[in-house]
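Please examine the model shown below, with attention to its ligand.

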Amino acid sequence: MSSGDIEVELREAELPLVRPFRTSRGVETSKRVLLLRWSPPGSTAATAGWAECGADPEPTYYPEYIATVRLALADVLVPMAREIAAGDGPLLPRLRAALADLPGMPLAKSALESAVLDAELRACGMPLRTYLGGDRERIPVGVSVGIPDSIDELLDWVSGYLDDGYRRIKLKVRPGWDVEPLRAVREAFGDALPLQVDANQAYRTSDIPHLLGLDAFGLLLLEQPFPADDLLGHARLAADLATPVCLDESITSVGATAAAISLGATDSVNIKPARVGGYPIARSIHDLCAAHGVPVFCGGMLETGIGRAMNLALACLPNFTLPGDISATSRYYERDITQHFELVDGHLVPPEGPGSGAIVDHDVLDDVTTAVTML
Ligand code: SMG
Ligand code: MG
């Protein structure tokens with residue numbers, strides 16, 4: 001069969017969120033998502049590779065966004081992958097080498113590589129968890145709580161999540177929304193509640209004296225207070241803050257992680273596979289952190305079941321000792337495009353099946369699809 005028989009589909013969908021998600025960067029009331037299907041010759045609906053792209057509709061969080069990822073895939077990456085597939089030898093290692101040779105575009109590269117990986121694993125019946133080398137069977141998870149309209153609303157949301165069984169709460173903070181909500185949550189739910197905060201780069205090093213005040217709240221960690229490229233600022237803060245500093249947006253590669261650890265800029269790491277260019281690179285960052293005694297957790301981008309299933313497989317690796325931002329389906333969506341993921345005693349269980357184990361519900365997917373492009 002020729003490589004021309006490979007079907008590559010880009011699909012855009014929009015799913016309403018059960019509640020708005022506001023961070024220091026903006027607010028989302030629905031999830032607009034780009035999905036990539038890679039169907040090699042002879043594959044079926046069950047063995048098609050599916051991946052979810054981490055890009056948002058606007059470049060508010062990552063510099064790449066849906067329109068630029070579409071262009072990168074259509075103009076450069078998918079034609080390159082087709083050419084590699086038409087050549088001799090196993091596809092994945094040659095595709096990875098070619099992707100590593102190109103600068104930038106981690107979100108686009110991750111979507112492509114993940115869809116090809118999913119298809120290859122489905123073809124040979126291997127779960128992604130096994131491929132990545134993880135052996136945990138259930139993952140303790142937390143919930144990331146957006147910025148609400150009021151303290152009362154925040155307490156109401158947190159109380160609902162604790163009733164659901166979440167093991168830790170992450171509050172989004174920004175200048176003007178930090179000390180007061182933290183005090184209210186501690187007063188309402190006690191000092192034993194595992195609590196952490198994420199600023200999404202909203203502070204500056206001039207805020208260090210203010211941030212030192214957050215030590216009073218006994219937090220598990222403070223995530224990404226400063227701009228992504230300010231490793232030195234994070235190192236300065238980490239030197240004085242008792243609360244562990246955790247980097248998220250700064251962790252763009254294995255090299256960036258090594259630099260952050262070596263500078264003392266981070267005590268723990270939020271690993272988002274899309275941001276670093278895919279699951280194998282995410283695993284390398286996990287391994288590097290493990291070698292330095294730096295614990296990690298798996299971050300989230302309000303994924304549909306396709307991305308969630310892959311993130312759960314990654315989180316089975318042993319150094320994912322902090323509860324991840326991988327919540328149950330009901331925290332995000334009334335109806336998802338795959339099987340739903342349920343919280344059991346504060347844990348999620350990665351699906352058993354080959355590849356990501358995600359089972360696409362084509363009826364729901366068709367209902368929420370806004371555009372389909374064949375590449
Ligand atoms: O998927 O549950 C989730 C959201 C987790 O807070 C979350 N993600 O910076 O860690 C982070 C944010 C990024 C998403 S806002 C664009
Ligand atoms: Mg974050």
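This briefing describes the surroundings of the ligand. The model is predicted: local features need pLDDT of at least 70, side-chain atom pairs count only at pLDDT 80 or more, and totals for chains, interfaces and linings use all residues. Residues are numbered from 1 along each chain as its sequence is written.

**Location**
- Ligand 1 lies between domain 1 (3-125 + 361-374) and domain 2 (130-348), because both give residues to its shell; the domain bounds come from an automatic or database domain assignment.

**Shell**
- Around ligand 1 there are 19 residues, each with a heavy atom within 4 Å of it.
- Tyr61, Ser144, Asn200, Leu302 and Tyr332 come nearest to ligand 1.

**Polar contacts**
- A polar contact is a pair of N or O atoms within 3.5 Å.
- A backbone N or O atom of Leu302 lies 2.7 Å from an oxygen atom of ligand 1.
- A polar backbone atom of Gly300 is 3.0 Å from a nitrogen atom of ligand 1.
- Lys272 places a polar side-chain atom 3.3 Å from an oxygen atom of ligand 1.

**Cover**
- Ligand 1 has 440 Å² of accessible area on its own, and the protein covers 98% of this area (Shrake-Rupley method, 1.4 Å probe).

Note on methods: Chains are lettered from A and ligands numbered from 1 in the order in which they are written. Side-chain values use heavy atoms; hydrogens and water are left out. A polar contact is a pair of N or O atoms within 3.5 Å; within protein, one must be able to donate a hydrogen and the other to accept it, and residues adjacent in sequence count only if both atoms are side-chain atoms.
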